[in-house]
Amino acid sequence: MRRRARDGERTSPSPVTGENRHIRPPHDAESMIDETVYVTHGPADLSLAQDLFSTIRNFPFTVHVAMEELESGRSRSELGGRIANADIVVALVTEDGTTDAWLNQEVGYAVAKGVPVLPVYDTPEHRSGYVADTEGVELKRDELTVTVFNLICRLRAALAPLGALSVPNWFLRFPCSLEGCDGTVTIDVERSQKELWRMHEHNQPVRQDCETCNSSYFFDAGTFGFLHREDGALPDDD
């Protein structure tokens with residue numbers, strides 16, 4: 001998966017984890033899986049889209065959020081290529097989103113191009129038109145962590161060639177942020193979603209150590225939001 005990234009990017013507060021938002025993996029990491037997700041939404045739901053995908057962006061695949069794409073001066077009508085080249089389109093069919101002309105047009109365009117659409121909805125009634133009979137993810141605004149976890153489940157199952165949930169082929173990779181360390185930290189996501197949720201419920205984070213300096217990184221098992229780092233030490237020069 002590929003991600004456009006900025007090395008050394010710092011984390012910021014996240015409403016999903018209550019801690020830090022995300023660490024972005026470097027885009028040139030080996031064995032990246034070339035997958036792309038396009039998120040279509042109404043103007044009122046931009047912050048919701050960013051909250052839902054803030055920690056999902058820890059995974060090294062590309063996420064295009066519709067209105068973020070407009071920040072470079074592009075118009076919404078120029079995003080057809082993003083949709084056609086996506087592996088899956090996530091549609092935020094909220095109360096505001098269902099009446100948004102661009103969202104409905106982009107869902108229709110995705111269907112016409114044969115791109116699967118995954119609806120995220122407030123109530124089942126919001127699934128209408130092309131996604132009326134499509135199983136999606138219920139949006140729990142008061143339990144956003146649950147929504148993010150369920151969204152990860154569906155993406156893990158849907159993104160080819162990732163395969164079944166039990167297949168250990170999702171990973172996080174990022175440069176160690178300890179000053180002076182040039183190590184790279186890789187977390188292979190080998191556990192099933194059921195096991196990860198059990199860890200989340202028992203406040204057991206996912207931990208991975210940097211092999212260069214032995215710093216330990218901790219991530220929320222449900223959302224893969226970055227929690228904290230315990231500093232190690234660089235080896236002494238001989």
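Which strands does helix H4 (residues 101-112) lie across? Helix H4 lies across E1, E3 and E4, and runs at about 145 degrees to E1. Angles run from 0 to 180 degrees between N-to-C directions, with axes fitted to C-alpha atoms, for helices over the stretch in contact. Helices (H or I, at least four residues) and strands (E, at least two) are DSSP runs, numbered from the N terminus.

A note before the views: this is a predicted model, where local features need pLDDT of at least 70, side-chain atom pairs count only at pLDDT 80 or more, and totals for chains, interfaces and linings use all residues. Residues are numbered from 1 along each chain as its sequence is written, and side-chain values use heavy atoms, leaving out hydrogens and water.

**View A. Five strands form an open, parallel sheet.** The order is E2-E1-E3-E4-E5, where two strands pair if DSSP finds at least two bridges between them. E2 and strand E5 (137-138) are the edge strands, each pairing on one side only.

**View B. Strands E1 (residues 36-40) and E2 pair in the parallel sense over four bridges.** Valine 63 in E2 is the bridge partner of valine 37, and threonine 36 stands opposite threonine 62.

Conventions. Contact means heavy atoms within 4.5 Å.
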